[in-house]
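The following exercises concern a single structure and are each followed by a worked solution. Please examine the sequence and the model before reading on.

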Amino acid sequence: MTTTKKAVQLPVLERSRRNYDRLRVCRRCGQYTILPGEDCPKCGKARLVPVMDQARSKARRKMLNEILFTLLLTIIAVLLAQDMTQIAIAAASGLVLIALLVLVQRRMMGRETLRQLSRLFRYDHATIHEGLVQDQSTGVETVRSGEDVKGYHILRQTAVLVHNDRLRLALLSLLQNFRLRSDMDLELETLITRDFDPLVADYIGEIARLKRDMIKDRSIRYIIANEPKILEMENGWNILISVTSAAVRMKRYVTMYPGFIRRYARFLPRERFVRLYHVVRNDPALQGEVLGQDMENIRAELYADDPAFEHDTAGVERS
Ligand SMILES: [Zn+2]
């Protein structure tokens, strides 16, 4: 495949503490959106507030109603009172109740806000979904109009809350057009699909070359689970070697996936094989397995006079 990749500058995704932090609702029409911007995507009015603020104001309103209700009861008691003593008692106990209520409410504010938030998610589930679908269409339209980086960024923002393979594959097929660099704000595990797709395998391979540290269990397991299909891909062999190269940076992966590592050890770039060789040699358990024997065989065959294998390497840096 000879696609020319485009040199681009990908915007950085601003991360928030909770994934719903960026979700906002329009106070005028009730539309939800996860995209930034002043105006509501539906009614165009600048009435968007974060869902957390919406929940907080609902909690406040509920508490205010409780106070008003207590006040009403106090007034009724005062009106029903038959003499000054009863009026005084009714008024005083009413005021004490209200004061207590305010104190309790103050303590409960945080919890009540969260309760309102989960109510909002429950009751507005369909509306939130519609809003996110709308956000995604905005992204797709932006891509269609030729602004693929902008569109990618919009879709990526929706992916914070929308988790499905269709969106993952859309993002991956956009990424495929870009020339990726290691200094870019890229993600990997969130883009791995449930079923096999060559787009995912290609992307894992590319990340393994660019940002070795990002290759973790999920990616390795995906590659192992789909190894036969990847081998059928034009670029499959390179993907498998790159992922193995990345995996040998940690002893844990060598221990967990020795069969996979063995299959590609012989084809690793020299520097990665040196790394693997030392990982295995420094661990008696690994050394005693077939992998240990393989290491010696490969070394004897390919690197017989190579001094890199001689010195002891307790201090080999994780790389
Ligand atoms: Zn609106």
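**Exercise 1.** Determine whether Gln136 is buried or exposed, and state what surrounds it.

*Solution.* Gln136 has a relative accessibility of 15% and therefore counts as buried; buried means under 20% relative accessible area, exposed over 50%, and partly exposed in between, with a 1.4 Å probe and protein chains only. The residue lies in helix 3 (residues 125-144), where helices (H or I, at least four residues) and strands (E, at least two) are DSSP runs numbered from the N terminus. Leaving out residues up to four places away in sequence, Gln136 touches Leu155, Thr158, Val162 and Leu167, contact being heavy atoms within 4.5 Å.

Two conventions apply throughout. The model is predicted, so local features need pLDDT of at least 70 and side-chain atom pairs count only at pLDDT 80 or more, while totals for chains, interfaces and linings use all residues. Residues are numbered from 1 along each chain as its sequence is written, and side-chain values use heavy atoms, with hydrogens and water left out.

**Exercise 2.** Identify the donors of the zinc ion and classify their arrangement.

*Solution.* Step one is to list the donors, which are N, O and S atoms within 2.8 Å of the metal (3.2 Å for Na, K and Ca); water is not among the atoms, so sites may look incomplete. The SG atoms of Cys26, Cys29, Cys40 and Cys43 coordinate the zinc ion at 2.2 to 2.3 Å. Step two concerns the angles: the four donor atoms subtend 104 to 117 degrees, so the arrangement is tetrahedral (for four donors, all angles between 85 and 135 degrees). Step three turns to the sequence, in which the donor residues follow the spacing C-x2-C-x10-C-x2-C. Cys26 belongs to strand 2 (residues 24-26) and Cys40 to the loop between strand 3 (32-33) and strand 4 (48-50), so this pair ties together parts that are 14 residues apart in sequence. Both Cys26 and Cys40 are buried.

**Exercise 3.** Describe the length of helix 14 and the placement of its buried residues.

*Solution.* Helix 14 (residues 290-302) has 13 residues and reaches 18 Å from its first C-alpha to its last, close to the 18 Å expected at 1.5 Å a residue; the expected span is 1.5 Å times one less than the number of residues. Its buried residues are Leu291, Gly292, Asp294, Met295, Ile298 and Arg299. Viewed down the axis of helix 14, they fall within an arc of 155 degrees and so line one face, the arc being that of the directions from the helix axis to the C-beta atoms. Ala300 and Glu301 are exposed on the face turned away from the buried side. Among the elements covering the buried residues of helix 14 are helix 10 (251-256), helix 11 (258-265), helix 12 (270-281) and helix 13 (284-287).

**Exercise 4.** Which residues does Leu117 contact, leaving aside its neighbours within four places in sequence?

*Solution.* Leu117 lies in helix 2 (residues 84-123) and is buried, with a relative accessible area of 3%. Its contacts are Tyr20, Val51, Met52 and Ala55. Leu117 and Gln54 are 63 residues apart in sequence, yet 8.0 Å apart in space, C-alpha to C-alpha.

**Exercise 5.** Locate Glu14 and decide whether it is buried or exposed.

*Solution.* Glu14 is found in the loop between strand 1 (6-7) and strand 2. With a relative accessible area of 58%, Glu14 is exposed. Glu14 and Gln157 are 143 residues apart in sequence and 8.9 Å apart in space, C-alpha to C-alpha.

Note on methods. Four donors count as tetrahedral if all angles lie between 85 and 135 degrees; four count as square planar and six as octahedral if opposite donors are over 155 degrees apart and all others between 65 and 115; anything else is irregular.
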